[in-house]
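Thanks for coming. I will go through a few local features, so please have the structure open.

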Amino acid sequence: MRAVVVVRDGRIVGERYAPGFTADTRLIGWSMTKTVTAALVGTVLDRFGGVGAQGLRPEWTDARARITLAQLLGMESGLAFNEDYGSTSDVNRMLFTAPDPAGYAAAMPLAVTPGTVFDYSSGSSVILARLFQDRFARPADALRWPYDRLFGPVGMHSAVLEVDGRGTFGGASFLYATARDWARFGQLLLQDGVWAGAQLLPRGYVAWMHAPSGASGGRYGRGQVWRRLPQGMDRAGLPADTYWMLGHDGQSIAIIPSRRMVVVRMGLTPRWAGYLPAPLVLGVSAAGSAKGGVVDALGLEPRTR
């Protein structure tokens with residue numbers, strides 16, 4: 001464990017850091033970045049013409065032209081992609097050796113008919129990051145947009161979304177932020193994309209994001225969030241409306257609308273070591289109001305009770 005932040009009703013009610021880590025430490029979210037990428041796509045959804053947009057890449061002149069934006073977001077594009085981190089797989093080649101990661105992923109052939117199979121793929125998220133940036137006439141405008149239209153308005157001033165050698169955002173993995181700023185993003189989702197009265201994400205888009213994708217059997221949302229924890233990680237007792245942002249080595253954000261709660265856990269704990277995110281969330285979601293310091297609603301800045 002490196003950091004835990006628990007937010008209820010827009011106030012931090014619990015916060016802990018491991019030795020060597022503080023509220024100012026930027027922490028990598030790994031695949032939690034995918035959810036942020038889905039939100040960024042939402043901020044320019046009108047430029048796509050909606051989630052049903054097709055013909056997304058100019059080189060997709062074959063059956064891939066039928067892949068919709070919604071299918072990429074819901075991990076049901078049908079594109080072949082090996083997400084096995086334990087080998088020299090597509091995900092490792094794409095993230096660490098390919099000069100153009102989005103191009104690498106987009107060059108994959110169709111393995112199945114789009115919309116028929118759920119296949120978790122970092123390739124889809126990197127393609128989405130490139131598609132997001134391609135909605136802008138000038139590359140510099142695309143690079144500024146996340147900071148001007150998302151991170152800045154919610155106060156995520158620590159956020160750093162890295163780019164690759166091609167200049168494409170690392171939309172599958174490479175967002176760094178403090179635990180508090182990760183909590184801000186979770187709170188934005190909890191508030192249906194509204195922050196301080198401003199509608200940052202299209203009305204209804206967050207609900208669409210955590211509605212089930214058709215091919216996942218209810219496990220995954222349509223917008224790069226988990227509705228149920230992956231196999232072997234679920235636990236009875238979690239509020240039924242809990243949904244998740246999950247990242248490699250134990251990063252997690254649980255959003256619990258019925259409890260008005262966001263629970264952030266950052267660390268370096270591989271699944272093979274036996275770590276499961278549910279027990280922490282079960283414990284804090286059942287707890288009452290915290291004793292001691294609270295923070296201003298929305299602002300997430302400490303004050304004295």
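Asp-141 counts as partly exposed, at 24% relative accessibility. This is a predicted model, so keep that in mind throughout. The side chain of Asp-141 meets that of Arg-144 in a salt bridge, 2.6 Å from N to O. Both residues lie in helix α7, residues 139-154, 3 residues apart, or about one turn of the helix. Arg-144 is partly exposed too, with a relative accessible area of 41%.

Next, helix α8, residues 179-190. Asp-181 and Arg-184 are 3 residues apart there, about one helical turn. They form a salt bridge as well, with the closest N and O atoms 2.8 Å apart. Is this pair buried or exposed? Asp-181 is buried, with a relative accessible area of 6%, and Arg-184 counts as buried, also at 6%.

The whole structure has 10 salt bridges. One of them pairs Asp-9 with Arg-260, at 2.4 Å between the closest N and O atoms. Asp-9 sits in the loop between β1 and β2, and Arg-260 in the loop between β9 and β10, so the pair ties together parts that are 251 residues apart in sequence. Asp-9 is partly exposed at 41%, and Arg-260 is partly exposed at 38%.

Last, a glycine. Gly-250 lies in the loop between β8 and β9 and counts as buried, at 12% relative accessibility.

Definitions and conventions:
Residues are numbered from 1 along each chain as its sequence is written. This is a predicted model: local features need pLDDT of at least 70, side-chain atom pairs count only at pLDDT 80 or more; totals for chains, interfaces and linings use all residues. Side-chain values use heavy atoms; hydrogens and water are left out. Helices (H or I, at least four residues) and strands (E, at least two) are DSSP runs, numbered from the N terminus. Buried means under 20% relative accessible area, exposed over 50%, partly exposed in between (1.4 Å probe, protein chains only). A salt bridge is a side-chain nitrogen of Lys or Arg within 4 Å of a carboxyl oxygen of Asp or Glu.
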